Amino acid sequence: MITPSSAVRRTSAVGLALAACLGAAPSATASAPAASTATAPAASKSGAGLDRYYNQRLGWGSCSKGPDDTMGRDLDKAGVQCADVTVPLDYAAPRGRTITVAISRLKATDTRHRIGSILLNNGGPGNTALQSPPEFHAWMKETGPRYDIVGFDPRFIGRSTPLDCGLPVGTNLFSAGLGRASFERQVALQKDLAAKCRATNAAVLPHVTTRNTARDMDVVRGALGERKISYFGYSYGTYLGTVYTQMFPGRTDRMVLDGAIDPRKFGPRLLQEAVGENERALADWAGWAAARHTTYGLGRTRAQVLATIDRIIEKSARGPLAVGTGPDTFRLDDTQTPFVLLAGLDSDTDMSRASLGEHVSVLNKAAGGQPTTLSPQFAGLLRLVTTGEQSHMASAQTAVICGDVAAPRDPEVYWRDIERSRAAYPRFGAMNNNIGPCAFWDRPREKPTQVKHDAKALIVSATGDPRTAHKGAVALHGLLPSSKLITVKGANRHAIYGLYENACVDNHVNRYLATGKLPADDGTCSK
């Protein structure tokens, strides 16, 4: 469940559930200890030599890092303050090396009716949330002023201590292509990505995991002085929130999980779960595009649009398509063109569909040998796929997924799955079943988290979610009997609250955040 960054796809603050890598910085560096460990806040006892982390005094201040830091200036103007939380790199060695986790906070203004702190995670793994408190404050309406709204960049992401393997691409999510030769090139590429991370960050990689991020979250809770903390997670953030409830039962207040994942399915092959949803979302989009043939020129029927897409992929298999002009010229083969399709299917709004229409129209022209011009958004997406500009994002995202759950090691396992899937899933079978760097990663040090404790949560999901399939939300609901599930019928959308402008979902979430009372029954919202 990985995703291009919000800088590439601002239409979704959560990103795609695709596998992306991060950037080109040096290995993670040690940070200074907390400024002060005096005055323990009202927090659950930490034990295991962790008191100095739980009891640290945070140095709140400006979020701006300099004159060119637009995000930091915007946060300052919104009244948000930022701080760094010191955490151990290795929780088994708390006196050893430390790193920092960047957090932001928009404090409650309705202090008389203050509920507590709510921690935000925007998924990925690899997406930041430092920037998110102001928009959540607006989405929460009259409930927003009752919370301290806290965004955080998980370990090795965003403004937290960085991780960068120096990768040549900004994602590891590619298709296997149409034949064995392109699959073998993928095996070589993915093996090289793993080798680069091992060569540059071997000492850090074992500690880049969801379980350690959950431990960081509990340190944040303690440093904020909260006995319990509320939480909102999108996409991968739903898995992180679930893991937190299992590692620290009883320490959550109100929890919203939007775009939820079956925790038993999380791992390097998660996208296998959504391959059918991807194909159906593409078919729905093709019907939309067919009704706008005069704009996009892709075909007058759904079948014709899908046939155009197949021709684009086949042409890119015979030789890379030259897309763009000047410095923004890119060459895309059949391992890369399906990524463009998947990247555009995170939502079924007209705006998102028009964006994909523009991108496919450009690819169609390139397949016909015509000159093409790229929008800044499309150029950014193609830089993600073809350059190391976003290596830092891909590095952290890959490290989390590979560090959590082991992947099959034998390339033939992937090839057999790819071949079996082609007939039913002609555009995405070779992508969602493709090999990745986790096949060449060191084995995780901890076992995957098992759900053994019930937890109250409001789960939100769309029936056609093309990233984290709706069946995953249903499964999580079954694992957490005290939870309630809100289903958006007929929507091909990943991440609903605040982003999809669905008043039914927004009202359910805000009512729960305001009262702490889950709906009496599961609910359904129309698209």
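**Reading contacts and helix packing**

Modeller: In this predicted model, the side chain of Ser-104 comes within reach of the backbone oxygen of Leu-130, at 2.7 Å.

Biologist: Where does Ser-104 lie, and is Ser-104 buried or exposed?

Modeller: Ser-104 belongs to strand 2, which covers residues 98-106, and because its relative accessibility is 0%, where buried means under 20%, Ser-104 counts as buried. Leaving aside residues up to four places away in sequence, Ser-104 touches a set of residues that includes Trp-60, Cys-82, Leu-130 and Ile-149.

Biologist: Which side chain makes a polar contact with the side chain of Glu-226, and where is Glu-226 found?

Modeller: The partner is the side chain of Ser-117, at 2.8 Å, while Glu-226 itself sits in the loop between helix 5 (210-223) and strand 5 (229-234). With a relative accessibility of 10%, Glu-226 also counts as buried.

Biologist: How should I read the packing of helix 11 and helix 12?

Modeller: Two packed helices are described by the angle between their axes together with the distance between those axes. Here helix 11 (residues 350-367) and helix 12 (residues 376-386) pack at an angle of about 70°, and their axes are 10 Å apart. The angle therefore makes helix 11 roughly perpendicular to helix 12, and helix 11 passes helix 12 in a right-handed crossing.

Biologist: Which residues make the contact?

Modeller: Helix 11 contributes Ser-355, Glu-358, His-359, Val-362 and Leu-363, and helix 12 contributes Gln-377, Phe-378 and Leu-381. Sorted by class, this contact of helix 11 with helix 12 has four nonpolar, three polar and one charged residues.

How values were computed. Residues numbered from 1 in each chain as written. Predicted model: local features only at pLDDT ≥ 70, side-chain atom pairs only at ≥ 80, totals over all residues. Heavy atoms only, no water. Axes fitted to C-alpha atoms, helices over the stretch in contact; angles between N-to-C directions. Helix = DSSP H or I, 4+ residues; strand = E, 2+ residues; numbered from the N terminus. Parallel < 35°, antiparallel > 145°, perpendicular 65-115°, else oblique. Left-handed = near helix turned anticlockwise from the far one by under 90°. Contact = heavy atoms within 4.5 Å. Nonpolar A, V, L, I, M, F, W, Y, C, P; charged D, E, K, R; others polar. Buried < 20%, exposed > 50% of the residue type's maximum accessible area, 1.4 Å probe, protein only. Polar contact = N/O pair within 3.5 Å; in protein donor to acceptor, adjacent residues only side chain to side chain.
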